[in-house]
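The points are grouped by topic.

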Amino acid sequence: MREEFALIDTTKSEKKKERYFTNDRILRWTSYVLTLFMVLLFLFPWLWVFSLGFKTRTEILSPTIVWLWKPTLANFHEVLIVKGYWKLIINSLIIAVSAVSLCIIIGVPTAYAFSRFPIPGKESWFYMILTFRMAPAVVLALPLYIIFARLGLLGTFPAPIIAHITFTLPFVIWLMRSFFDDIPKEIDAAAMTDGYTRTGAFIHAILPLVKSGIVAVTLFSIIFSWNEFLYGLILTSDATRPVASQIPSLIRPHGTLWGEVAALATVASLPVAILIFALQRSLVRGLSFGAVKG
Amino acid sequence: MKSRKYIWWWVSPAAILFLLIILVPFITALTYSFRAYSFTDSTAHGQFIGVENYRKLVFDSDFYNSFKVTFLYMIPAIVFQGALGLGMALLMAGAVRRARILIPIMLLPTLLTPVVIGLVGVLILNPDFGIVGQFLFRSGLIKEAVLGSTKLALPAIIAVDSYQWTPFVAVILTAGMLGLPKEPYEAAQVDGANKWQTFIRVTMPLLWPYLVVALLIRVIDAFRIFDIIWVMTRGGPGISTETVAVYAYRHTFRFWDLGYGSALIMVIFVFISILVEYLYKALQRWQSNGSAA
Amino acid sequence: MAKIEVKNIQKEYKGGQVNALKDVSFECADGKFFCLLGPAGAGKTTTIKLIGGVEAVDKGEIFFDGKAVTDILPMERDIAIAFETYALYPQRTVRENLLFPLQAPFRKENWPVEKAEKRAVEIAELLGIGELLDRLPQQLSGGQRQRVALGRALVRNPKAYLLDEPIAHLDAKLRHRMRGELKRIQIELGITTLYTTPDQLEALSLADEMAVINQGIIEQIGTPESIYKFPKNVFIAGFIGDPPMNILKANIIENGLKLEGMGILSLPEKQNNALSTNLSESSVLVGIRPKDINLVSPDHKDLQAKAQVRNTQVLGETMVITMITDLIEFHVKMSSEVVPSHGEQVGITFDAVDCHFFDPKTQIRVEGL
């Protein structure tokens, strides 16, 4: 009798285990599939615009959605070479690299100082930075326009570069400071007793530890600078305009050459897309740090 | 050794640079706000006119409208992005754990220039060949182009903005979820909680800080939003999508009334600083309450 | 090697909100092992940081061998610090960690590569980490990391070593072993060592001389023996010794003391008079170490108190009994030959000779007894 009971018991629990196991698995794999679906759904609009760059005018305007077509590079050729817009990309590059390099060189030591030293008025700096972060770009754009006009710098590169510094520098200091905060202050102390000055400790002991942080901040800053629209529009001339600022002017009420616009937009987006994949790991860390730590 | 002067060495380049590029424009704007400076008005040549610009501002109904539009955009956007972002995070968390590469893919819309996102919006909603616009137009659901309709333009902008930023919210929440401790879940399991209860009682409280931070960032950005709106509607039709930023742009760089524009940006700046202070204090209060709990 | 003198140093943090050190003075003789003992937050780490030069004093002076070092940089003070948290350079191997001090710009000429390498290996072998030279700190156990931190301090023959709770985060057995190792190395190399710890057992066993610090004030300086035998105030009395000294309240009566919640302790006339003259009121605090209390039968005449056994902890050959009268709980330490049962009523006696007396108002020891 007891053996029978025993048999019944184990079979029941085994069945339960099996069923539980499968249920869970089904749920999990469903979520994976749904996630994949969702990701594709999100990518689709951009991919579609991306594809427009490779279509001819008639293909774009055709009422039915064309899934397969013979891709053409005519739009790219037209927009980049014939109209010479490849220069815009160089402009974006010049502005981004200049602004970001300057901000890294100045911002990283400053962030270290904010992390290690008691700075009077830290709160007020914070408030001011936050206020500027929140205010529309116009707030700074107008006075900068006036000043640069007076100085005769409108349309030159220094103008947008300086404008970009206004939002890049706080970002660099903000993020680097939280990276520095993560390094225990004892390491500074250890290096200083080991025979380094504060500067020496900073260069030889601390900096190597934030290398990946600096890379992440640099790449992020380049992305933000690349994407910037208003300053790039107002403070530049046709010769110095970055790519992002030029695109909207190609969109006219009538007769817009969508293929070319799409092509330009694609070229403007590619560097960012590439950088994102280079930044994979830092992205998550950077986001949660910067976000949660405020 | 650790004297004031020494600290100054470290901080001065940034401090000087900052003061220059912030203070000087600030003072410039302040002085201009009290003068008449307009490229379109031939009588205005920089004479001092006291608070005339401010007076004009106070009586401009479009100014108040821009605030209304901003809030009409901000509230639904935040609610939508928060809810959808949460849903997406819950769905994604498992898959992301397996395939970290999903994160950069999801963040693509967020990190692309808003101009391109705006372009995506324009193209999709195009009534002739846009993948969504076509369908809406042909099926008779809408009579005019979405972006030309005073009723539909703002929702369209909210939708496009959400397209760009919901993944951001979702990724922050996902990152938060992946870092959640296991113990509360094990305790809930031992206590016999079902999936819904676990969600409400364990997941939500733990995720709450991340949600607040993500949405706070969105609130901060709400006043800045410009690029998308400019590309899609230029603030129109009429002024139905004219947020504060767009209104400011129109009056400064379209009408070229620099005096009025300066007054405008001064007022906006003051408004934002008050908002920041309020938000900051609320955040402090909330944080100290939350940590006590 | 150097003699370290600290005179009246003060340190505040957060603009006066936190008073870390109020007025600290002591001396560590050349080649001696000096312990700074105190509970958490007493100011031990702050003291180390100030002596090391990592932070600046607000007031006061510091001398090495008579020379004032209060205002010179840490790297010029030629001392080595081993931190509680080890502070190893995470991206460098053990070898590189040990070499780092020798590569400092102003020291580099004295240490050509070969000499430096040899020294690093020498120190590593001394500390038993010779095989770990090419590992990264994250690949090491706590005990190994601690030895690397110590090695980094030893590698350059500084004037003195400042060790801030260096073995705090090791397990009990390893701590016990490292205590012995540290003392041995210190004696062998004859290095002036300043060692902080919250563990009074550690201080008592390691120090040539020690100071007890509490809330930024030095309570007492002396040899471990003198501090143990003659604690200057109630705080020290309760802090030193394991289990801590029992502190009982009492009132002075004709021939002795009436212990609160207990019985009578008779005192010789001389002591009684001394007490009355030294105290402003007629109450006094009596300190008696658990090991000086005897257990007797409850009917014994001349008891100091009758008490009930609340709890017994047998620690091998000794045991600690927690006892309770109507009002007071106290501890007794004795050999564990006969273990009383829970709830048993017993009597306790102790001798006036073994007592320490403290003024209840000032908490200070009454001298001359």
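Two residues are counted as being in contact if their C-beta atoms, placed from the backbone, lie within 7 Å. On that basis, the contact between chain A and chain C takes 15 residues from chain A and 21 residues from chain C. The model is a predicted one.

**Contact between chain A and chain C**

- On the chain A side, α8 (185-193) and α9 (198-206) of chain A each supply at least two residues.
- The element that gives the most to this side of chain A is α8(A), with six residues.
- Sorted by class, the side of chain A that touches chain C comprises nine nonpolar, four polar and two charged residues.

**Domains of chain C**

- Chain C is divided into domain 1, covering 4-239, and domain 2, covering 246-358.
- The centres of domain 1 of chain C and domain 2 of chain C, taken over C-alpha atoms, are separated by 40 Å.
- Five residues from domain 1 of chain C and five residues from domain 2 of chain C take part in the contact between them.
- On the side of domain 1 of chain C that touches domain 2 of chain C, three residues are nonpolar, two are polar and none is charged.

**An open sheet in chain C**

- Five strands of chain C form an open sheet with antiparallel pairing, in the order β15-β19-β16-β17-β18.
- At the edges lie β15 (294-296) and β18 (329-335) of chain C, each of which pairs on one side only.
- From one strand to the next, the twist averages 50°.
- Within chain C, strand β16 (residues 305-315) and strand β19 (residues 345-349) pair in the antiparallel sense over four bridges.
- A305(C) has I348(C) as its bridge partner in β19(C).

**Backbone features in loops of chain C**

- D242(C) and P243(C) are joined by a cis peptide bond, with omega about 0°.
- P243(C) lies in the loop between α9 (234-239) and β11 (246-253) of chain C.
- D78(C), a residue other than glycine, has a positive phi near 55°. D78(C) is found in the loop between α2 (74-77) and β6 (79-82) of chain C.
- Because 18 other C-beta atoms lie within 10 Å, D78(C) is partly exposed.
- E165(C) is not a glycine either, yet has a positive phi of about 40°. The loop that holds E165(C) runs between β7 (160-164) and α6 (172-189) of chain C.
- E165(C) has 21 C-beta neighbours inside 10 Å and therefore counts as buried, the cut-off for a buried residue being 20 or more.

Methods. Residues numbered from 1 in each chain as written. Chains lettered and ligands numbered in written order. Predicted model: local features only at pLDDT ≥ 70, side-chain atom pairs only at ≥ 80, totals over all residues. Domains from an automatic or database assignment. Nonpolar A, V, L, I, M, F, W, Y, C, P; charged D, E, K, R; others polar. Pairing = 2+ DSSP bridges. Axes fitted to C-alpha atoms, helices over the stretch in contact; angles between N-to-C directions. Buried ≥ 20, exposed ≤ 12 C-beta atoms within 10 Å, placed from the backbone.
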